[in-house]
Amino acid sequence: MFAALTSILAKIGIKDIDSNLATALRTVVVLIMAWVVVAIVGSAGSITDISSKTLIFLILSGLATGGSWLCYFKAIQMGNVNKVAPIDKSSTVLTMVLAFILLGESFSVLSGIGLILIFIGTMLMIEKKDVSDAKESGRSWLVYAVLSAVFASLTSILGKVGIEGVESNLGTAIRTVVVLLMAWLVVFIRRPAPDKRHVSKKSGLFLVLSGLATGGSWLCFYAALQTGPASVIVPIDKLSILFTVIFATVILRERTPLKSWGGLAVLVAGTLLLLV
C-alpha cells in the first residue's frame, strides 16, 4: 500500500521539477524518517557490531536502490504511471530467479507458472507504440523503466544478504544514507536546468508525502525480508501494482486500455500463484 502511494504522490510532486532533484529531496525525508524509527526502537547502539560483509552488502543494496529510484522517477516523469509501474514491478521475475540461484530458495512448478504469467501480464500492458518509441529515442521512459526493474531486483537480493546481520530498521537507515549521497551526487554532476530547480509549495508537499510513503514501505519491506524468504516477500510487495494502476486511473485520470486491465489481471494472478 505504501509503495503504491509513493508512485502516485511522486508523479504529482515531480511534475514541474527535475526528476533527479526530486529524488534527492524525497530521500532526505526517507532518511529522517528511517533514523527516527531507529531512535525509537533503540537499535543505533548496535551499529558498531555490524560486520564488514553486512556493511558492504548494505552499501551495494543502497547503490542499487539509488539507481532504481533515479531511473523510475525519470520514467514516471516522462510517461504514465500505469505503464511504468508494471515494467518496474516485473523485477519480480528476475528477483525470484536470482533468489533461486544465489540464495538457494525453493522453486516449484507453480512458481514457474507464476513467473510466466507475470511476464505475460507485463507484456500485455506494454503497447507497440511504447516499444517503437524506445527504439527511436534512447531517452524513452521505457528504457528507464526497464533499468529501474533491473536495479530493483539487485536491491532485493543484496538487501536480503545485508539485512541478515543487522536490525532491519538500522539496516534500512544505513542504506538510505547511501541512496541520499548517490542522489545528491547525480544532482551535482548533472545540474538541473534553472527552470527545473524551483520547488513550489505543492510540489514540496507531495514530495514530502511521497518520501513518508517510501519510508513506510521500506521499513515494512525489510522487516519482512529479515524473517521471511525473498522469493515470497517480493511478490507480495509487488502486488502494489494493482493499487498503483487503480490510483493512477482514479486520481491522475490516466487512460488504462482494456488490454492493459487484462494484462494487470494476468500479472496479479501470477503473483498470487507464487504465494501458493
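A: Helices here are DSSP runs of H or I, at least four residues long, and they are numbered from the N terminus. The model is a predicted one.

Trp35 sits in helix H2, which covers residues 19-41. How exposed is Trp35? Its relative accessibility is 31%. Buried would need a value under 20%, and exposed one over 50%. Trp35 therefore counts as partly exposed. Which residues does Trp35 touch, beyond its neighbours within four places in sequence? They are Ile47, Leu170, Ala173, Ile174 and Val177.

Now step along the chain to Val109. Trp35 and Val109 are 74 residues apart in sequence. Their C-alpha atoms are separated by 41 Å.

Helix H6 runs over residues 109-124 and meets helix H13, residues 258-275. The two axes come within 7 Å. They cross at roughly 160 degrees. An angle over 145 degrees counts as roughly antiparallel, and H6 and H13 are therefore roughly antiparallel to each other. The crossing of H6 past H13 is left-handed. On the H6 side, the contact includes Leu110, Ile113, Leu117, Ile118, Gly121 and Leu124. On the H13 side, it includes Lys259, Gly263, Val266, Leu267, Gly270 and Leu274. The residues in this contact divide into 12 nonpolar, 8 polar and 1 charged.

Arg253 lies in it, between helix H12 (240-250) and H13. Most residues other than glycine have a negative phi. Arg253 is not a glycine, yet its phi is positive, at about 60 degrees. Is Arg253 buried or exposed? Its relative accessible area is 70%, so Arg253 is exposed.

Helix H10 (residues 201-227) and helix H11 (residues 230-238) have axes that come within 9 Å and cross at roughly 155 degrees. That makes H10 and H11 roughly antiparallel. Their crossing is right-handed. H10 contributes Ser217, Phe221, Ala224 and Leu225 to the contact. H11 contributes Ala230, Ile233, Val234 and Asp237. By type, the contact residues are 6 nonpolar, 1 polar and 1 charged.

Back to aromatic side chains. How many aromatic pairs does the structure hold? There are 2. In one, the ring centres of Trp69 and Phe73 are 6.3 Å apart. Their planes stand at 80 degrees, so this pair is edge-to-face. Trp69 and Phe73 are 4 residues apart in helix H3 (residues 52-78), which means about one helical turn separates them. Tyr72 and Phe73 also form an edge-to-face pair, with 5.3 Å between centres and 80 degrees between planes.

Notes:
Residues numbered from 1 in each chain as written. Heavy atoms only, no water. Axes fitted to C-alpha atoms, helices over the stretch in contact; angles between N-to-C directions. Helix = DSSP H or I, 4+ residues; strand = E, 2+ residues; numbered from the N terminus. Parallel < 35°, antiparallel > 145°, perpendicular 65-115°, else oblique. Left-handed = near helix turned anticlockwise from the far one by under 90°. Contact = heavy atoms within 4.5 Å. Nonpolar A, V, L, I, M, F, W, Y, C, P; charged D, E, K, R; others polar. Phe/Tyr/Trp six-rings, centres within 6.5 Å; stacked < 30°, edge-to-face > 60°. Buried < 20%, exposed > 50% of the residue type's maximum accessible area, 1.4 Å probe, protein only.
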